Structure formats: C-alpha cells, structure tokens
Amino acid sequence: MPFPPLPPDRWPDAPARYPDPALRALDPRFEELVLFNAAVERIATGHRWVEGPVWFGDHGCLLFSDIPSDRILRWDAATGAVTTFREPSRHANGNTRDRQGRLVTCEHLTRQVTRTEHDGSVTMLAGTYRDWRLNAPNDVVVAADGAVWFSDPGYGILSDYEGRVADLELPTAVYRLDPDRGDLRAVVEDLERPNGLCFSPDGALLYVVDSGSSPRTIHVYDVADGAAGGGRVFVDMSPGSSDGIRCDVRGNLWAAAGGGGDGYDGVHVFAPDGTLIGQVVLPESCSNLCFGGPARNRLFMTASRSVYSVYVNTTGA
Ligand code: MG
C-alpha cells in the first residue's frame, strides 16, 4: 500500500482546492464520510508533543495535553485562543469525560488516573494494583456503565521528558476500574505496549492499539460482563504505528497514525471489517483524536506540535 505525500505547498495553512486532497478516499465507504467543502485546518501549533484531546461542548472548548511542557491547554472554539487550563499537569497524557461530564486524566508523573470534580478538585481514581504502583497510565475511555478503562504501557517513565525515569513495577496492561466500588482489574494482559483504546458504538467490542509489537497492530476484544476476551489482530499499522483511536457512530475506527512519514501520518480510517477505507493526511505524526463540536461532527487531531481539525459527515460514537 503506497502512501503518496501531498504536494509540498499544501502546508502550512495553504488554501485547499475542494475537495481537500488531505482527505484521501481509498474505498467508496470513505466518500460518504467526507464533506466536499470541508478542509483540514491547523488550529493550534508551537507545542512540544500534544495528546489527549477531549471536547467540552458545555464550555465550547477542546482540552488537550502537551506532555513534555507539563500542561493541559484549552482551545476556545469561539475565538481560537489557546490558554493554559492546568500547569503543572503532572505530565498528563490521555483525557476523557465520565458519564457525569467530569474530566478523567492519565498522569505520567503521579502514575495515576485522576478525576477532576465539578468544583475543580482532583480525585485519585487509580494509582496502585495489588500494592504495586501503576507504570504510567496513557489513555482512558469510560464505558456506558461508568467503568473507567485505561492503558498502562509504561512509556511515561522511560525518560524525564514526559514524566520521571523509573522501573516498571507491573506488567503492561489495560485495566478496568469500577469507580463506585473501587474495584480495579487487569482486563488485557497480552499486549506489549497497550496504548489508545475505544469501544465500538454498541460497547460489544474493545479496540486496543499495541504500539510496542512488531509489526505495530490494533487488536479487538469481545466485551462482556466487564471483561475483555477473544483478543485478535484487527489491523496491521505497518509501516508506522497508531496511538489514540475513536469509533464513529457507524462503527468505523479512526486511528491516529504516526512514524510512517509523509503521506502516511495523520489518521487512518478502518471499516468494521478492517478495510482501510481512507486517510486524513497530516504533515506531522498524529498521536490522538476525538470528535467534538456542537454536532459532534468535527474531528480534532493532536499531531506532534500542532492540533488539526476537520468537519466530517459522521459523528463520534
Ligand atoms: Mg497514547
């Protein structure tokens, strides 16, 4: 599969001839997801390594982490202004919201998953498993029943750049936390570096990126009674790797793609059968993404030093 680069004058912020060539259909199913007059926009730049985008419609803003800069930033949709939401962020990485709309965050420095209450106070949700410290929680998603599922690949303690160097105390894993009962369980233990994760729209499938396997893959598991089983490879991300992932309401998987160079990096979109149906081509390695905007039809992508967005003809699951 070739990944041809875009013309060099496409970036930064060059005018796009519609339809935007950065939205690349590889299958007719992707053409249904693309709006003919929507362009990929760079909405923020100048950061170090952005991650963990999460939409707050009630505040009209996107929050995202800049992990090395030890900040969570806030992009205001009305003005386009970027301000600091939290600093220090304890080297926050992945973010999401729970069923009550509260911010849930993976922190590398504290090696915890935290919840920010409506009054702004921060509650620790998970920090240890069987008396061992978590390595460095990376990404997080909340299930329909309110359970918090998060990955712990340990990347955040490999350097002093995105946390603090330390030895891994636990095997890498995906955990499920029942925040009401405080029950924490390892639910996926067969991946090298479990990273981004999301559920299918009906909650019956859990997708998990393995960004440490060779080749880099995305796996899928059957979910029942708070457990994940029957793990199998969903797609091979060669020659690059994925990181954060999200499903749309049709069950397509939108996967951040990086490390593959011009023409590969950006977002790869897979149909539920695993076919690569299209790409959003970006000029930087993409780390993560989310759907947002008032109609949830705006895709936000954190990519290396910048944040990008594009309106699409579907909505987030
Ligand atoms: Mg990640």
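How many of the residues of β25 are buried? In β25, five of its five residues are buried, and the strand is described as mostly covered, where buried means under 20% relative accessible area, exposed means over 50% and partly exposed is in between, computed with a 1.4 Å probe on protein chains only. This is a predicted model, in which local features need pLDDT of at least 70 and side-chain atom pairs count only at pLDDT 80 or more, while totals for chains, interfaces and linings use all residues. Residues are numbered from 1 along each chain as its sequence is written, and side-chain values use heavy atoms, with hydrogens and water left out.

Strands here are DSSP runs of E with at least two residues, and helices are runs of H or I with at least four, numbered from the N terminus. In a regular strand the side chains alternate between the two faces of the sheet. For β25, both faces are covered, with Asn288, Cys290 and Gly292 buried on one side and Leu289 and Phe291 buried on the other. Two strands are said to pair if DSSP finds at least two bridges between them; β25 and strand β26 (residues 298–303) pair in the antiparallel sense over five bridges, and Asn288 has Thr302 of β26 as its bridge partner. The hairpin of β25 and β26 has five residues between the strands, and Gly293 takes a positive phi near 85 degrees there.

## The magnesium ion

The magnesium ion is coordinated at 2.2 Å by Asn138 (OD1), Asn195 (OD1) and Asp243 (OD). Donors are N, O and S atoms within 2.8 Å of the metal (3.2 Å for Na, K and Ca), and sites may look incomplete because water is not among the atoms. In sequence, the spacing of the donor residues is N-x56-N-x47-D.

## The largest pocket

A pocket is an open set of points, on a 1 Å grid over the protein atoms alone, with protein on both sides within 12 Å along at least five of seven lines, and its lining residues have an atom within 4 Å of a point. The largest pocket is lined by 31 residues, and Thr96, Arg99, Val141, Val142 and Ala317 lie nearest its centre. Among the elements that give two or more residues to this lining are β7 (92–97), β17, β19 (217–224) and β25 (288–292), while the largest share, three residues, comes from β3.

## Cysteines

A disulfide is a pair of cysteine sulfur atoms within 2.5 Å, and by this rule the count comes to zero disulfides.

| Cysteine | Nearest cysteine sulfur | Distance |
|---|---|---|
| Cys247 | Cys198 | 4.0 Å |
| Cys286 | Cys290 | 11 Å |

Cys247 is buried, with a relative accessible area of 4%, and Cys286 also counts as buried at 4% relative accessibility.

## Backbone features in loops

Most residues other than glycine have a negative phi, and most peptide bonds are trans. A cis peptide bond joins Glu87 and Pro88, with omega about 0 degrees, and Pro88 is found in the loop between β6 (82–86) and β7. Arg90 lies in the loop between β6 and β7 as well; Arg90 has a positive phi of about 60 degrees although it is not a glycine, and at 25% relative accessibility Arg90 counts as partly exposed. Another cis peptide bond runs from Ser214 to Pro215, with omega near 0 degrees, and Pro215 lies in the loop between β18 (205–210) and β19.

Conventions: On a 1 Å grid over the protein atoms alone, a cavity is a set of points where a 1.4 Å probe fits but cannot get out, and a pocket is an open set with protein on both sides within 12 Å along at least five of seven lines; lining residues have an atom within 4 Å of a point.
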